[in-house]
Amino acid sequence: MKISLRWLQEFVDLSDLTAEQVGELLSLHVAEVDEIETVGTAIQDVVVGEVVECGQHPDADKLSVTKVNYGAEEEVPVVCGAPNVRKGLKIAFAPVGSRLPGDFKIKKAKLRGQASWGMICSARELELSDEHDGIIELDSNASVGQSLLEHLDMSDHVFELDNKSLTHRPDLWGHYGFAREFATLRQQALKPNGVQQDWPAQQSNWTIVREDDDACPAYAALEIHLPSVPGESPAWVQQRLLALDQRPVSLLVDLSNLVMLELGQPTHAFDADRLQGNTITVRPAQSGERLTTLDEVERVLEPTDQVIADGGQAIALAGVMGGAATEVGDSTTRILLESAAFHAVGVRRTAQRLALRSEASARFEKSLDPGLAVQALHRYVELLQSIVPEAQVAQAPSLSGCFQAPERTIAFDPVAAAQLLGIAVGAKEQKRMLEDLGFVIDDSTSTWQVHVPSWRATKDVTSTVDLVEEVGRVSGYHRIEAAPLLAPIVVPAQESHRLLARRLLQRAVQTHGSGETQGYSFLADEWAERLGLAMTDFVRLGNPVQAGVTLMRHDPLPTLLEQAASNLREFPSGSLCEVAKGYHPSAEGPVESRYLGLVQWAPKETALEGPESLFGQLRTLTADLLQVAQLPQSQVTPLCAEDGDLPWAHPVHGLQWKRGDHLVATMARVHPALARELDFRKHQVACVLLDLSALAELDRPAVVFQAPSKFPGIKVDVALSLPQAVACADAEAALRKAGGKLLDSLLLFDLYQGEGLEEGHRSLAYRAVLRAPDRTLSDKEEQKFLDKATKAALELGGQVRG
Amino acid sequence: MREQLAALREEGLAEVASAQNGEQLAAVEVALLGRSGRLTALLKGVGRLAAEERPLIGKLANEVKAALSQSLAAKQEELAAAELAQDLAGVGLDPTLPGPPAPFGAVHPVMQAARDLEDHFSSLGYVIWDGPEVESEANNFDALNIPADHPARESHDTIWMAEDTGPERFCLRTHTSPVQVRALRELGAPLRVVAPGRVFRQEAQDATHEHSFHQMEGLVVDKGVGVPHMLHAMNSLLEGVFGRKLETRLRPGFFPFVEPGFELDARCPFCKAGCRVCKGTRWIELMPGGLVHPHVLRSAGVNPNEYSGFAFGLGLSRIAMLRSNIDDIRWMMSGDLRFLRQFPS
Ligand SMILES: [Zn+2]
C-alpha cells in the first residue's frame, strides 16, 4: 500500500511535519512504514529549457539541429529527433552531467557530425507517461532554468506500508482513512471527502438483480453521459496515479482508480452502449462459463465465482476485474458506473484460483464498508464534472441491497481500559479519541455504550478489547512504562522428557563429541523406500512443501543418515545427533514420540569389533547415555531379525536395551549393502536410537551412595579360551557369577584369535578386581575365584588359558 | 676370600661410578647385592672357611656391602640431581606442542538460543512446556481466534496432513501459539509458561525463508495483568538474549489471538548509525506480542472476566542468526559439520 503525503494533505494539515515525522507517526500509531520514497528523484536534474534556434540536420532527414537556452550562461547545441521540436518551444531539458531514469547519464556527444550537449526529453524518457511520439511541450509561460519537478509541481513523498500490516483494517485501503487517523492523532478537523451530489429526480433505467445476498450485499449503478469521448486524463490525474505506481489509461478508467486510491472503494465503468438490455445481474458463474477479462485473458469460471451479467452474458468478474467486451474505449460517451460490495472470502478465492490479484480484489477481500459504495459514486461524479463540466448524470443511481455495515454497539469501561494499557489516559481524553475516529459514545453510565462506525464495523472492531487497542495506539504506546509481575510465583510443573533430553544431549555432545543437528520433520518417499521402511506406516502430508516429500518421519535416524552422507567428503569420520519428534498413524490421529538419534561414521578400515571399533564406541556411548538417564538394571540383548522394523540394520550386528517390556534403546551398524547404496562406500556407519518418551516414563531411583572399601583389592587376570559361538556377554556373566559379591570390577582387556588356540576358539582376557568391604582378601579366596572361573569355562566348552 | 672381597669392592665401586642412568644403576645394584648377586654368591663359600676366619670375613663382607650401598646411594642422588637439572634446563621441551584432539561436540545454535532462554524464564518462574508439531486445526486456528475463512489456513500458507490422518483435520503447527491453549488447559490459571519448538510454513526456501524453523512462545495469565507487565517481560528477555539493556519501543501490530497487538522494536545492537541488519533505521523488529484475546482464554477454559494475560513470540532461528551473524537460514537445517562445529556449546 502506497500513500502520498500530498494527497493526505487535501484532507488534513500536515504542513508542519517533515516526511520522516509523518512516517514515524504512522509507524508508531497505525502501521509500520517500510519505506519513504521521494517522488521525482530520478528526474531531479531536468530543467525547463527553450528551443531558441531550430534547423534541419545537414546529413539526416529526421534530425533537427537546435540551440537550447536552459538558464545557463551559454546556449548549447542539441540534436533532436522529435517531429514536434520547433523554435520557441518550452521543453524538458537534461543538460550534460544530468542523470535520467535508469541511471542514464547525459554526456557531450556528436550525432552525424553535429555537436549535441544535452537531451530534450519525451514523457516516456522521464517515466512521466507512456507518451513517446514526441518531446514534452511545456506551457509557453514556463520559466527557463526552473527545475522540471518544481514547474510541474510534482514534489511529494510516498509512504510504503506492508499490506500484511493492514489486512485487519478495511478503512485503511485509501488515503481518506489514513487522513482520519492523522486528524485523530493530531486533534485536527478532517476535511470532508468532496461534496454530495444532487441526483436527478428521474428514476434509474437500470434494474439490478442480486441472486446471492451474501456474495453481493449491495450493488449500485449510475448512468453518466459525456458530450464527447474524453480521452486522456489531465496531467495532475496522471501524475497522481504514477506517483502510486498506477498506469494512466484514460480519463474514465483513471477516475475509477483515483477514487479507489482515495476512498478504498473500487468502481468499474462499463461502456453502456456495449451492454445488452437494462438489467444487471450479479450471479454465480456457470461451470465452464467463459469471460475474457480486461487483460485479454479468457477465464474459465466455476460456480464459486460471482459474475456481473447484462441481458446477454457475463460482463465482469465480480470484485476482481471487468470484462474486455464492455470496456470503455475510444468511442465511449455513455457509461454505467458500478460501485458495489462483495463478499471478502468469495473474491479472494476467485482471485486466488485464477491467479488474478487485482487492486480491486485486494481491497474487497478486506471486507470493505458497504457505505463506501455510494460515497464513491458521489466522488466519481464530482471529479468527472470538475474535468468535463458537461458530463451529466442521466438518472438517479439504481441501488440494490444494504449500504451499511451491521449496527454494532460495544460496552466499554474507560477506567479498566487505562488500567489494562498501563497508560494514564482519562475518560475525557479517551472519549475525544474514539469520537475523532468516528465512534459514537453514550457515556451516561460509567460503562459506556460505544457505537461502531460503518467503516470499522465490517470485521475490525467487534469487542471491548478492540476499543482498548484504539485508545492505546492513539494515546501512543511510548506512554507505557514496563512493570514487573507482582503475583507470587507458583512452583512450575516440568515435563520430564525435556530435562532428560537435555541431559542426554549434553552428554552425547560433551563426552562423546557428537554434533547436534536439526533435520527436517519430513522424509522423501524415495529415501524411505531406499531405507526399506514400510510405506504404509507413515503419517502423510496433504500438501507437501516439495513434491515427493510426503512422509512425517518416525524418528530422526533417516534424516541423520542423509545429513551424515552429505558430510563424508569433508569428514572421513564424525557423529551427528538430534533430539526430535516422530509420528505414527493411529485412528485417533498422529501419535507423537520423542527420540534421541545419533549416527556415527568412520573409515571402512576401522576395526569391526572391540574397543577401537565404531561399534564398540557406540556401544559404550549408548550404555553411558542410559546410565546418565539413571536407567536401573536394563537388559541388553543382541538385535534379532525377528524384531523387524529395522530394515536398515545389519542382521546381527546390533544391540537392544530393554527395561521390562519397554524397548528403550537400539544401536546397530547400518546394513553394509545399504550403507554402500547410501554413499557410505568407504565408511562404516552405525546408529543409536533412544526412546525418550519411554525413558521419561520410567521411575528413576536416586543414586544410592556406597562407601568405598578401606581394604586393598586384588587384581586377577584370567584368559578364557572359548568357542567363537559363545557370546562375550555370556563369558562375562559366567565370570561375574564366579566372582560373586567379591567382584569389584571386570574389564575385557584383550581379544585374541589365532596360533596357540584350539581350532574355532578365541581368547577373551579379563582383568577382575576382587575386594571385600571388611578385610584384606587371602590367596585362598583368589584361588577359589580362579577355580570357579575354570569350571565356568569348561561348562562353556572351553578352558582357562595357562 | 679376602682378595675376592677386595676385588668385588674395587670392581663394584667402578661399576657404580660408571652407571649412566637410573636403569643402569639398578642393574648394577642387582648384580652386586641382589638375591643372586655376586656378594651373595661369594658368601656361599663362607661355610668352607675355618671357624676362626668366619667372623673376620663376615665383618669384611659387611664392610664391602656397606661401602657398595653407600656408593650406590650417593650415585643415585647424583643421577637424580642431574636428571632434575636436565629437566629444569628444559632442553628439548616445547610447551607449544599440541595434546590429543578433544572430542569436538557441538550444540546447534538454535538449541543454544532455546536453552539460554529456557534458563532465563525458568529463573523467573515460568514453566517450559511442549506441544506436538502435528497439531489439530482446532488448536492451531480455531482456539486462537483465527477465522474459518482466514487466508493463513489455506494450503499456500499451511502444510496440512493427508485427509485420512485422523478424525479431525491436522496440520503442521504454523506457530507455537497453540501451546498457549494446551498449557492453560493442562495447568490452569494463573500461569507463566514459555514454549519453544519447531514450526512450519508453506514457504519457498531462500537465504531468509525456511519452511521449518523455531519459535518460542511466552504466556502469562493472572489477575490484573496488563501491557506494562508484557513490556517488562519482553525487555528482560532481550536483556537475556543480548546481554545488555536495549532501548525498546512498542508499535501497533495485528495478530488474531491478541488484542491489542504489538510489535516490539529494539535499538539495533549492531550499530550506532544504521547497518545492514537494521536496514539503516536503527531499529530492529524483534518480538510480536499482545494481550491475550478473550476468545483464546475462553477456548482454554479460563474466564476472561476474571483473568487477563499477555503473550509474546520470538523467532529462535532469527535470534540465533542475529547472535552469530549467520546470513543464510538454510545452514540451520543443513546438518553440515562445518557449520555445526563452530558452535561448541
Ligand atoms: Zn544496525
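Helices and strands here are DSSP runs, numbered from the N terminus. I keep that in mind for every element named below. The model I am reading is predicted.

**Entry 1: the second largest pocket**

I started in chain A. Helix 16 (614–628), helix 19 (728–739), strand 33 (635–638), strand 34 (649–659), strand 38 (743–752) and strand 39 (761–770) of that chain each give at least two residues to the lining of the second largest pocket. I looked up its volume and found about 1,300 Å³. The lining has 32 residues. Nearest the centre I noted Arg619(A), Cys728(A), Ala729(A), Glu732(A) and Leu748(A). By class, the lining divides into 16 nonpolar, nine polar and seven charged residues.

**Entry 2: the cavity**

How many cavities of 30 Å³ or more does the structure hold? I found one. About 40 Å³ of space lies in the largest cavity. Its lining includes Gln518(A) from chain A, and His108(B), Glu210(B) and Met333(B) from chain B. Which element gives the largest share of that lining? I noted strand 5 (residues 212–222) of chain B, with three residues. Five residues of the lining are nonpolar, five are polar and one is charged.

Next I went to the metal. For reference, the ideal angle for four tetrahedral donors is 109.5 degrees. Are Cys268(B) and Cys271(B) buried or exposed? Both are buried.

Then I listed cis peptide bonds. One joins Ala189(B) and Pro190(B), with omega about -5 degrees. Pro190(B) sits in the loop between helix 7 (178–187) and strand 4 (191–200) of chain B. Another cis bond runs from Glu259(B) to Pro260(B), with omega near -5 degrees. Pro260(B) belongs to strand 7 (residues 258–267) of chain B.

**Entry 3: a covered helix in chain A**

I counted burial along helix 15 (residues 557–567) of chain A. Nine of its 11 residues are buried, and the helix is mostly covered. Among the buried residues are Leu557(A), Pro558(A), Leu560(A), Gln563(A) and Asn567(A).

**Entry 4: loop residues in chain A**

Glu127(A) is not a glycine, yet its phi is positive, near 55 degrees. I placed Glu127(A) in the loop between strand 11 (119–120) and helix 3 (148–152) of chain A. Why does Glu127(A) count as exposed? Its relative accessibility is 57%, and exposed means over 50%.

Asp153(A) also has a positive phi, about 55 degrees, without being a glycine. Asp153(A) lies in the loop between helix 3 and strand 12 (157–161) of chain A. At 47% relative accessibility, Asp153(A) counts as partly exposed.

My last stop was Asp198(A), in the loop between helix 4 (175–185) and strand 13 (207–210) of chain A. Asp198(A) counts as exposed because its relative accessibility is 77%. From its C-alpha atom to that of Arg775(A), 577 residues away along the chain, I read 117 Å.

Key. Residues are numbered from 1 along each chain as its sequence is written. Chains are lettered from A and ligands numbered from 1 in the order in which they are written. This is a predicted model: local features need pLDDT of at least 70, side-chain atom pairs count only at pLDDT 80 or more; totals for chains, interfaces and linings use all residues. Side-chain values use heavy atoms; hydrogens and water are left out. On a 1 Å grid over the protein atoms alone, a cavity is a set of points where a 1.4 Å probe fits but cannot get out, and a pocket is an open set with protein on both sides within 12 Å along at least five of seven lines; lining residues have an atom within 4 Å of a point. Grid points are joined across faces, edges and corners, and a volume is the space filled by probe spheres set on the points. Helices (H or I, at least four residues) and strands (E, at least two) are DSSP runs, numbered from the N terminus. Ala, Val, Leu, Ile, Met, Phe, Trp, Tyr, Cys and Pro count as nonpolar, Asp, Glu, Lys and Arg as charged, and the others, Gly among them, as polar. Buried means under 20% relative accessible area, exposed over 50%, partly exposed in between (1.4 Å probe, protein chains only).
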